[in-house]
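Please consult the sequence and the structure shown here.

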Amino acid sequence: MESLKVGCIGAGFIAHFQATAMTMVRGMELGGVYSLKGAERLASFARENNLGTCRICSSVAELCQHCDVVALFAPNYVRLELVEQIADAVRGGAELKGLICEKPLGRTVAEARRLVELADRIGVPNAYFENQLHMKSIRRSLAQLAPQQEVMGPIALARSAEEHAGPHEPWFWDPTRQGGGVLSDMGCHSIAVSWYVLTPFGRPVTYLQPVSVQADIALLKWGREPYRQQLRERTGVDYSRTPAEDFCTGMITFRHPETDQPVKAQFTNSWMYDKQGLRLFMDGLGPGYAFEVNSLRSPLEVFVGDAAAQAVADAETALEKATASRGLLAVQPNEADLYGYVDELIDARDAFNQGRDGLLNWRYGLEITKLCQAAYLSAERGQRIDLTDPAIQNELETYSSLIAQGRGGEILF
Ligand SMILES: NC(=O)c1ccc[n+]([C@@H]2O[C@H](COP(=O)([O-])OP(=O)(O)OC[C@H]3O[C@@H](n4cnc5c(N)ncnc54)[C@H](O)[C@@H]3O)[C@@H](O)[C@H]2O)c1
């Protein structure tokens, strides 16, 4: 079978991470890139790593003409217009085998629903990229504990956290462009992976029914001086005027449809985790069994003393969002694999070659958007949100959080 030619829209942080992951995947290559910035750098990465010719395209239409799969690796606030351009290209004769969208699918439920409608109209298989469900450590834990789940009963509590010291690009910090703060940006990961962990092994990813959500959000670091000023100087985003939350936590209750058993997913996310760097933490607790994943535990440790610290050029070569370059450092030898990017590409490759959606499709992305938005609603009202109430479901269709509207000051200060 011929290699699938993937065309990237966007050539920033995630495009490079995915390109690194692609070097570990057979049957996929970088066919092209269309990006406002960074296209040259991504194309040279492709050349240096035998990842294909990676044609630099000057429009979405040109990219669609030269690739089999288009991957949306551009910021959240340009999703809709880019997918509309893909729809135009397909209407104009481009033959695509697959469409990929990075998390979060939409910044609101309405936006995510519009994207699903566009994908239906485009009519090619799609995949929603949520890497944490594909992490080998998560997959192995669930497979290893499948017999225990069968005999003892399902996992009843899943806890999940993704935390670091804050995003790399200014647009992430701007709630009106990104769609919120850390809940919108990283809560979507933790909510999705917890839902998956609680799902009985082998069942569909939306098998468990969401019942309720109770959440809290706060601005614990970046709204205070001198950090607020530092953020303004670094990103141009002023948290005295348009703040977003840098911490969120919450609990989602799900119900097993056959037994009615309630199970709980607890999520915690922050942009004020001033420790080694990115930390993913997940655990699952069932009756008599459990698992735990902590991405900061590495088999590799490096030590850099004060005298040698100046020689370290870039702390992030050790770990994503690393904040220190001396002392005892956790170094992850293969982050693209650890975080699940390799396996999510393999899933998309196999699905598109067979003419079907990936394990996670855009409809699933819409469900995750709904849960995130319900969490914002809960935090705004200081109430538990009943997800089984048709009036709430209706309200979520047009809901836009105060944070996303740029009115975060009304609840964060
Ligand atoms: N799965 C993950 O862990 C993960 C990690 C980081 C980012 N993401 C997601 O990936 C997406 C991109 O994030 P990023 O960190 O790579 O952002 P980034 O800012 O680093 O890169 C964005 C790229 O898109 C380009 N771009 C901007 N507007 C464009 C337009 N209109 N047309 C074409 N190109 C355009 C920029 O020039 C840049 O190359 C976001 O949706 C983000 O949520 C996911």
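Apart from neighbours within four places in sequence, Phe 45 is in contact with His 16 and Ala 19 (C-beta atoms, placed from the backbone, within 7 Å). The C-alpha atoms of Phe 45 and His 16 are separated by 8.3 Å, although the two residues are 29 residues apart along the chain. Phe 45 belongs to helix α2 (residues 39–48). Phe 45 counts as buried because it has 20 C-beta neighbours inside 10 Å (20 or more are required).

The model is predicted: local features need pLDDT of at least 70 and side-chain atom pairs pLDDT 80 or more, while totals for chains, interfaces and linings use all residues. Residues are numbered from 1 along each chain as its sequence is written.

Around the ligand there are 22 residues, the closest being Gly 10, Gly 12, Phe 13, Ile 14 and Lys 37. Helix α1 (residues 13–22) gives the most to this shell, with three residues.

Helices α10 (residues 182–198) and α14 (residues 362–381) pack with their axes 9 Å apart, at an angle of about 120 degrees. The crossing of α10 past α14 is right-handed. Among the residues that meet are Gly 187 and Cys 188 in α10, and Leu 371 and Cys 372 in α14.

The table lists residues by class.

| Region | Nonpolar | Polar | Charged |
|---|---|---|---|
| Contact of α10 with α14 | nine residues | two residues | no residues |

How values were computed. Axes fitted to C-alpha atoms, helices over the stretch in contact; angles between N-to-C directions. Helix = DSSP H or I, 4+ residues; strand = E, 2+ residues; numbered from the N terminus. Left-handed = near helix turned anticlockwise from the far one by under 90°. Contact = placed C-beta atoms within 7 Å. Nonpolar A, V, L, I, M, F, W, Y, C, P; charged D, E, K, R; others polar. Near = placed C-beta within 6 Å. Buried ≥ 20, exposed ≤ 12 C-beta atoms within 10 Å, placed from the backbone.
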